[in-house]
Amino acid sequence: MKKVNRLFVAALMALASLLPVQAEEVVVADGHHYSSQFPVVMRYYNQNTTHNFAQMIYPASMLNELNGKKIISLKFFVNEPFQRIYGGDIQLSLKVVNEDVFPNVANPSFTGMQVVAHGSPVRGETELVFNFTEPFEYNGGNLAVEARVTEKGESHPDGIEEFIGMYILDEYGYYGLDVCYCFVQLNNVTLYSERGFMLPKAAFGIAEDAPQYDLGDVDHDGKVTIADVTALIDYLLSGEEAPAEANVDGDQNVSISDVTALIDMLLGGTNN
């Protein structure tokens, strides 16, 4: 019986392996403009200073899909794989703010931000990834994001990569007002300071809701049976988002491997 079921799973893999249900991400500021200042001032990335940071304000109107959710990761995107900037350490911080643009003052940056993650550019990758140490619960409002260089890396000013994003004025008409601000200072000397409209494209990863049913109870009938295997296969074939209980193998993606894990659970008699 076990052998038959494993052969059944192998056959399903050929049918459904291309239809995984991925963990949810919300992508904002997906445009075609480039910047080497936001979210990181690339030309000074090799300077040994913590006074090297950029801040961005993502307006609440962009973040409706995040409302009431727990953010667990954030990714920025570059126009080509990292080759000339890499290594080091970037500290990521967040704060919900009232402002939707930076004020016209000498030092417009936000303070008191919550540190949520550290990350760094990796050679050959096209994403700058930050996995949060703890979820950040977002309940609306404009979200300020800061990327601060805490450990220098490699940087080559001639021909550095650029981050992808959009000009905020294209979408919202904030002509002449700034939604990004960056600052670099070394030995009390300001090397670089700039404001801009350009918001980097960002992908916010969202934590899955805690299961309300037992793990494996895909059809939510209060018990784990072969009917849940059928329900899980139906989700995979349809491409619909599966419930949290379907993530049987615990890898945060619902795919054919969860069918295998669910059948193993049934054959092992770990649920009734």
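The mean pLDDT of the protein is 85, and 86% of its residues reach 70 or more, pLDDT being the predictor's confidence in each residue on a scale from 0 to 100. The model is predicted: local features need pLDDT of at least 70, side-chain atom pairs count only at pLDDT 80 or more, and totals for chains, interfaces and linings use all residues. Residues are numbered from 1 along each chain as its sequence is written, and side-chain values use heavy atoms, with hydrogens and water left out. Over residues 13–22 pLDDT stays under 50, and the model has 16 contacts beyond four places in sequence for this stretch, a contact meaning heavy atoms within 4.5 Å. Where pLDDT is low, the predicted coordinates should not be read in detail.

Helices (H or I, at least four residues) and strands (E, at least two) are DSSP runs, numbered from the N terminus; two strands pair if DSSP finds at least two bridges between them. An open sheet of six strands has the order S7-S6-S9-S3-S12-S13, with antiparallel pairing. Strands S7 (114–119) and S13 (189–196) stand at the edges with a single partner strand each, so one side of each is left without a neighbour in the sheet. Neighbouring strands of this sheet are turned by 15° against each other on average, direction ignored; axes are lines fitted to C-alpha atoms, for helices over the stretch in contact, and angles run from 0 to 180 degrees between N-to-C directions.

Five bridges join S6 to S7. Serine 93 lies in S6 (residues 89–97), and its bridge partner in S7 is valine 115. Serine 93 has a relative accessible area of 2% and is therefore buried (buried, under 20% relative accessible area; exposed, over 50%; partly exposed, in between; 1.4 Å probe, protein chains only). Beyond its neighbours within four places in sequence, the contacts of serine 93 include Met113, Ala144 and Glu146.

S1 and S15 (residues 202–206) pair over four bridges, in which valine 26 has phenylalanine 204 as its partner.

Helix H3 (residues 226–238) has 13 residues that should span 18 Å at 1.5 Å a residue, and its end C-alpha atoms are 19 Å apart, which agrees; the expected span is 1.5 Å times one less than the number of residues. Among the buried residues of H3 are Asp228, Leu232 and Leu236. Glycine 239, with a positive phi near 80°, follows H3.

Salt bridges (a side-chain nitrogen of Lys or Arg within 4 Å of a carboxyl oxygen of Asp or Glu) number seven. Glu25, Lys75 and Glu127 are linked in a network. Within it, the N to O distance is 3.1 Å between lysine 75 and glutamate 25 and 3.7 Å between lysine 75 and glutamate 127. Lysine 75 is buried at 15% relative accessibility, whereas glutamate 25, at 38%, is partly exposed. Glutamate 161 forms a salt bridge with arginine 84 at 3.4 Å; glutamate 161 is buried at 0% relative accessibility.
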